[in-house]
Amino acid sequence: AHGALLLAAALPHRGLAGVAAAAPWLRKTTYGDANARFVHESRLDAVDAGLRGVLDASLAEHDADAHLANLCHASTLIRVGARDEAVHPWYARRAHRLLLSVCDDDSFDASSRFLYAEVPGEGHWWWDTETANDGGCVNDATMRAFYASTKAPRVDDACRPGAELVASNPATILGPSACGFRILQQEVPLVQRSRVLYVGDGVDTGERVVRTRNVRRLSIKDVSFFGTRRLRVDDDRLTVHPRADGAVSLCRGHNTTWAVCADADEANARRERSPATHGPMRQVVERRFVIAASTADVLDLAVYVANLFHATGLARAPVVPPGSLDDARRRGDNVVFVGVPGPDREEAAPSFFRPADLAIGHGAIRLGACEWRGPAYAVAALVPLIDDPNTPTRLGLVLAGNSGDALAGLVELLATPTIPPMARQPFSGALPDVVVLDVNATREAGVAGYVLAGYWDATWTLAERASWRADCPRVECLVDETSNEAPRFFCSEPSSQTDDLRRGVCESSRRASSDDVAA
């Protein structure tokens with residue numbers, strides 16, 4: 001029943017006729033002890049509230065109660081046994097109350113559209129409601145009557161003033177809403193819910209008034225459904241001209257004002273994130289994927305990961321070396337990288353992925369201005385796969401460590417099932433787009449051993465407002481002034497001595513120097 005509500009919320013368009021939810025639970029963490037989180041951790045005292053928020057955000061798309069506004073146009077029946085011992089009827093009652101509240105509208109009778117039935121004397125499952133084998137909890141006379149009443153979707157009031165689209169994760173909304181809305185990018189990814197509300201018609205203006213929250217890029221699939229080309233979005237007045245497919249894309253500029261996306265915006269969007277390349281990291285296995293073993297040393301680990309995916313989800317993920325990914329590229333497969341190509345393949349690595357400001361190698365994990373050195377650090381990161389620089393439509397998941405032990409520890413801690421009878425797929429738990437961890441500390445203290453957890457923004461840069469870090473060992477960029485050639489830049493930790501400088505690339509300093517020269 002929880003799945004029925006989530007599927008209906010993911011299909012918010014006018015084609016949805018109805019949904020029947022039997023004994024629904026509303027949030028994963030409330031369904032039995034097996035889903036309890038942040039209760040029994042041995043070092044719960046050491047887990048920052050900010051870290052908990054980032055990790056919880058990766059599961060927010062599964063909160064059915066938070067997305068019930070997407071069901072307002074569909075007939076709904078919520079049914080539960082009054083003596084349900086697995087999912088207390090309180091959850092079904094709450095879902096019904098919320099539907100009546102968020103879908104409150106004078107244009108229809110909510111009490112006849114959103115039905116509730118609590119069957120006296122019955123538990124979580126039963127075969128016989130009135131007579132033997134009459135269909136029970138999912139197919140008795142009550143359920144069959146509801147099914148028959150929803151053979152055709154409602155279209156008369158599907159897009160009405162007050163209609164709202166709610167999305168915690170754009171990747172999980174599978175089509176445009178009843179008003180044709182689709183959220184393509186968020187301002188703050190995942191940790192903040194996004195909303196698009198059709199307010200109604202502007203007085204004496206003929207405009208359709210739309211309000212948004214936490215939306216960076218928006219598509220309106222069927223502008224003609226509004227009956228006008230004049231929109232007011234968050235007080236910005238627009239005249240729209242739909243494309244041949246009847247859609248129009250709206251972009252929010254750096255000055256926070258809305259405008260119809262220009263050609264340059266469309267070109268940039270092809271290099272940015274979209275619902276097809278959104279996170280969190282489990283999205284990498286939402287389509288066919290292969291596993292790339294970076295070297296022979298990690299082949300056993302790659303096979304172990306492949307076997308975990310098969311055992312927990314019957315997935316078939318071939319293990320291939322990085323140099324044999326052409327077939328995967330042609331098929332459009334995603335890739336899980338176990339390790340990264342070694343120093344002899346430094347030029348080849350960027351052709352596989354260009355993960356924003358993430359750099360792995362030379363004994364360090366670098367993310368922006370932060371660098372983690374030492375053999376215990378490891379990283380798991382969702383990255384874009386670059387086939388055509390203009391269309392990064394595939395995803396990769398990079399698993400890497402500053403040592404072989406760190407990489408093995410990363411897989412052990414983030415992929416190995418902790419409850420074998422209820423094994424979940426690797427990297428499918430409460431994991432955001434990117435995690436950097438101290439393997440030894442994580443073994444001892446659980447998620448309190450993480451040093452960074454967060455999400456990429458629309459441009460594949462770490463979204464500071466949606467991320468958490470325990471510390472940020474800084475990368476210091478120094479100029480080698482002994483050379484008569486163009487200035488060379490080196491990276492070091494603040495405590496490093498001049499003669500211990502490690503050669504590297506400091507993009508920000510190099511850009512700053514180039515700007516100075518140009519000036």
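This is a predicted model: local features need pLDDT of at least 70, side-chain atom pairs count only at pLDDT 80 or more; totals for chains, interfaces and linings use all residues.
Biologist: OK, how many disulfides does the structure hold?

Modeller: Four. A disulfide here is a pair of cysteine sulfur atoms within 2.5 Å.

Biologist: What is the distance between the sulfur atoms of Cys72 and Cys103?

Modeller: They are 1.9 Å apart, and the two form a disulfide. The link is left-handed, with -80 degrees about the S-S bond.

Biologist: Where do Cys72 and Cys103 sit in the chain?

Modeller: Cys72 is in the loop between helix 2 (49-57) and strand 2 (75-81). Cys103 is in the loop between helix 3 (89-102) and helix 4 (110-113). The pair links distant parts of the chain, 31 residues apart. Helices (H or I, at least four residues) and strands (E, at least two) are DSSP runs, numbered from the N terminus.

Biologist: Is Cys103 buried or exposed?

Modeller: Cys103 is buried, with a relative accessible area of 0%. Buried means under 20% relative accessible area, exposed over 50%, and partly exposed in between (1.4 Å probe, protein chains only). Cys72 also counts as buried, at 5% relative accessibility.

Biologist: And Cys159 with Cys179: left-handed or right-handed?

Modeller: Right-handed, with 105 degrees about the S-S bond. Cys159 lies in the loop between helix 6 (141-149) and strand 4 (164-167), and Cys179 in the loop between strand 4 and strand 5 (181-185), so the pair ties together parts 20 residues apart in sequence. The sulfur atoms are 2.1 Å apart. Cys159 is buried at 15%, and Cys179 is buried at 2%.

Biologist: Which cysteine does Cys370 join?

Modeller: Cys472, at 1.8 Å from S to S. This link is left-handed, with -100 degrees about the S-S bond. Cys370 lies in strand 18 (residues 370-373) and Cys472 in the loop between strand 23 (468-469) and strand 24 (476-480), so the pair ties together parts that are 102 residues apart in sequence.

Biologist: Is Cys472 buried or partly exposed?

Modeller: Partly exposed, at 27% relative accessibility. Cys370 counts as buried, at 2%.

Biologist: Switching to helix 3. How many residues does it have?

Modeller: Helix 3 has 14 residues. It reaches 20 Å from its first C-alpha to its last, close to the 20 Å expected at 1.5 Å a residue. The expected span is 1.5 Å times one less than the number of residues.

Biologist: Which residues of helix 3 are buried?

Modeller: Pro89, Tyr91, Ala92, Ala95, His96 and Leu99. They cover an arc of only 165 degrees around the axis, which puts them on the same side of helix 3. The arc is that of the directions from the helix axis to the C-beta atoms.

Biologist: What do the buried residues of helix 3 pack against?

Modeller: Strand 2 and strand 3 (114-119). Contact means heavy atoms within 4.5 Å.

Biologist: Last topic. What is the strand order in the open sheet of four strands?

Modeller: The order is 5-8-11-12, and the pairing is antiparallel. Two strands pair if DSSP finds at least two bridges between them. Strand 5 and strand 12 (258-260) are the edge strands, each pairing on one side only.

Biologist: How many bridges join strand 11 to strand 12?

Modeller: Three. Arg252 has Trp258 of strand 12 as its bridge partner.

Terms used
Residues are numbered from 1 along each chain as its sequence is written. Side-chain values use heavy atoms; hydrogens and water are left out.
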